[in-house]
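Below are my notes, in the order I looked things up.

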Amino acid sequence: MLKIGMIGAGRMGNLHKSKLVTRDDVAITAVCDVIEDRALRMAREVGAKTYCDYIEMLDNEELDAVYINTPTITHPEMVKEVTRRKKHLFLEKPLALDLKVAFEMKKQVEESGIICTVGHMYRYRETVRQMLQLLAGKPVAMLNAYWYWTIPPVPHIADKDIGGGPVVDQIVHLIDLCRLAAGEVDTVKASYTLNCRKDEDFNNWDGYAVNLTFKGGAVASVTGTLALYKEMGTQTFMENIVLDIAAKDIMTRFTPKALQVFTPNKVEIIDTPAGDIDHVFVDAVKANDPGMIKCLIGDAIKTLAVTLAANHSAQTGQIVKMDDFIYERLNTLL
Ligand SMILES: NC(=O)c1ccc[n+]([C@@H]2O[C@H](COP(=O)([O-])OP(=O)(O)OC[C@H]3O[C@@H](n4cnc5c(N)ncnc54)[C@H](O)[C@@H]3O)[C@@H](O)[C@H]2O)c1
């Protein structure tokens, strides 16, 4: 039985819990949240011990793996403590809000020898696997992605100074998929605005547009908004998260619901729901096989770097050359 400790019993903590409880080879034996009620509620559901201090949890529980589902600014200290104790780790994205800090986290994870996935869940989808297989070996010309949303429902994400803003926190998933399909990013030019919600108590951008060029020759436009209304989540006809990829004689359209494939003779819809990050993480830990992990921290940091470069570009008005941006901060390349 794999013993798991949960740090953070909010939205993502509960989402991961809902998948872990479907397995009979896993037990969530400890739950920690600074909001005691949340920890208690989840602990009661799964029969776990409750903590409000994660250090106390790590010191007192014999855990095989730990989930970090807390606000991004808490991730660096937690990763230090978890890797010091060599517990396998599920770490929610984004890693951190600073590239140098994220680089330290990467070193800690890699030196500890643990199995770790970062929470880029789309990478684990069967539809993404098939999309990449269909595009393999074909030069990509263009990627066009968007994520339309409302005010983020949790305060630490709604505030850009705590969550990093929507490109670092949310569009990061789409930029991550762009990297998988088109390779490493060469340059980033971003423009953000606060135009609809400027009279509200809202410390964030509500429109953002990021242009990327890739070393392999592709170009991408990734846009999004937080200007919309919260009811949009129930409007099932709205495709609010989309990634189109045009390669030679093929176009793919990824949405979280399905993959559409357009080729000269047919249009195919692939909507197999298979592929789940939590199940693969548990299986990888049980098999002690890091090869099963589809989002290693060394890869996640490259995606994070692109999003931080986008914030830098939006704030300075500059076109950011990725290698320079990384080297200036780390004295090395990723
Ligand atoms: N993979 C995804 O698609 C996805 C989606 C949403 C959020 N996230 C990420 O997941 C993380 C959590 O986001 P969320 O939406 O679940 O937030 P949330 O606010 O719903 O949950 C976070 C929980 O962590 C608790 N917490 C805060 N500090 C803590 C500490 N020091 N020790 C223990 N508990 C603490 C809070 O009380 C809260 O219950 C963030 O990094 C966010 O960016 C990922």
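**Entry 1: the whole chain**

What percentage of the 334 residues of the protein chain count as buried? I looked it up, and 52% of them do. A reminder to myself: this is a predicted model, so everything here is computed from it.

Next I checked the overall size. The C-alpha atoms fill a box of roughly 55 × 45 × 45 Å along the principal axes. A compact globule of 334 residues would have a radius of gyration near 20 Å, and this chain has 20 Å, so the two agree.

I then went through the secondary structure and found 12 helices and 15 strands. For contacts with a separation of 6 or more, I noted that 67% join residues 24 or more positions apart.

For charges, I have 38 positive and 44 negative side chains. The centres of those two sets lie 3 Å apart.

**Entry 2: what the record says**

I looked in UniProt for named regions. The unreviewed entry places "domain: Gfo/Idh/MocA-like oxidoreductase N-terminal" at residues 2-120. In the model, that span is 44% helix and 23% strand. Its end C-alpha atoms are 22 Å apart.

The unreviewed entry also gives "domain: GFO/IDH/MocA-like oxidoreductase" for residues 142-230. Here I get 28% helix and 35% strand, with the end C-alpha atoms 31 Å apart.

**Entry 3: Lys3**

Where does Lys3 sit? I found it in strand β1, which covers residues 2-7. Is Lys3 buried, exposed or partly exposed? Its relative accessible area is 34%, so Lys3 counts as partly exposed, a class that runs between 20% and 50%.

I listed the contacts of Lys3 too, skipping neighbours within four places in sequence. They are Ala27, Thr29, Glu62, Leu63, Asp64 and Ala65. I also checked Lys3 against Phe214, which is 211 residues away along the chain. Their C-alpha atoms are separated by 42 Å.

**Entry 4: Gln260**

Gln260 belongs to strand β13, residues 259-263. Its relative accessible area is 16%, so Gln260 is buried; the cut-off for that is under 20%.

Which residues does Gln260 touch, not counting those up to four places away in sequence? I noted Glu239, Met251, Thr252, Arg253, Glu268 and Ile269.

**Entry 5: Ala102**

I moved on to helix α5, residues 99-112, which holds Ala102. Why does Ala102 count as buried? Because its relative accessibility is 0%, and anything under 20% counts as buried.

Leaving out neighbours within four places in sequence, Ala102 is in contact with Leu95, Ala96, Ile301 and Leu304. I also looked up the distance to Met6, 96 residues away in sequence. From C-alpha to C-alpha, Ala102 and Met6 are 21 Å apart.

Some background first: most residues other than glycine have a negative phi, and most peptide bonds are trans. I went looking for exceptions.

Which form does the peptide bond from Lys93 to Pro94 take, cis or trans? I found it to be cis, with omega near -20°. Pro94 lies in the loop between β5 (88-91) and α5.

Lys86 has a positive phi, near 55°. I placed Lys86 in the loop between α4 (75-84) and β5. Lys86 counts as exposed because its relative accessibility is 53%, and the cut-off is over 50%.

Asn331 also has a positive phi, near 60°. I found Asn331 in the segment after α12 (322-330). Its relative accessible area is 60%, so Asn331 is exposed.

**Entry 6: Ala136**

My last stop was the loop between α6 (126-135) and β7 (140-148), where I found Ala136. With a relative accessible area of 52%, Ala136 is exposed.

How many Å separate the C-alpha atoms of Ala136 and Ala181? I got 8.2 Å, although the two are 45 residues apart in sequence.

Key. Residues numbered from 1 in each chain as written. Predicted model: local features only at pLDDT ≥ 70, side-chain atom pairs only at ≥ 80, totals over all residues. Heavy atoms only, no water. Helix = DSSP H or I, 4+ residues; strand = E, 2+ residues; numbered from the N terminus. Rg over C-alpha atoms; globule rule 2.2 N^0.38 Å. Buried < 20%, exposed > 50% of the residue type's maximum accessible area, 1.4 Å probe, protein only. Contact = heavy atoms within 4.5 Å. Lys, Arg positive; Asp, Glu negative; His and termini not counted. Charge placed at Lys NZ, Arg CZ, Asp CG, Glu CD. UniProt positions renumbered as here; feature names shortened; annotations may be inferred.
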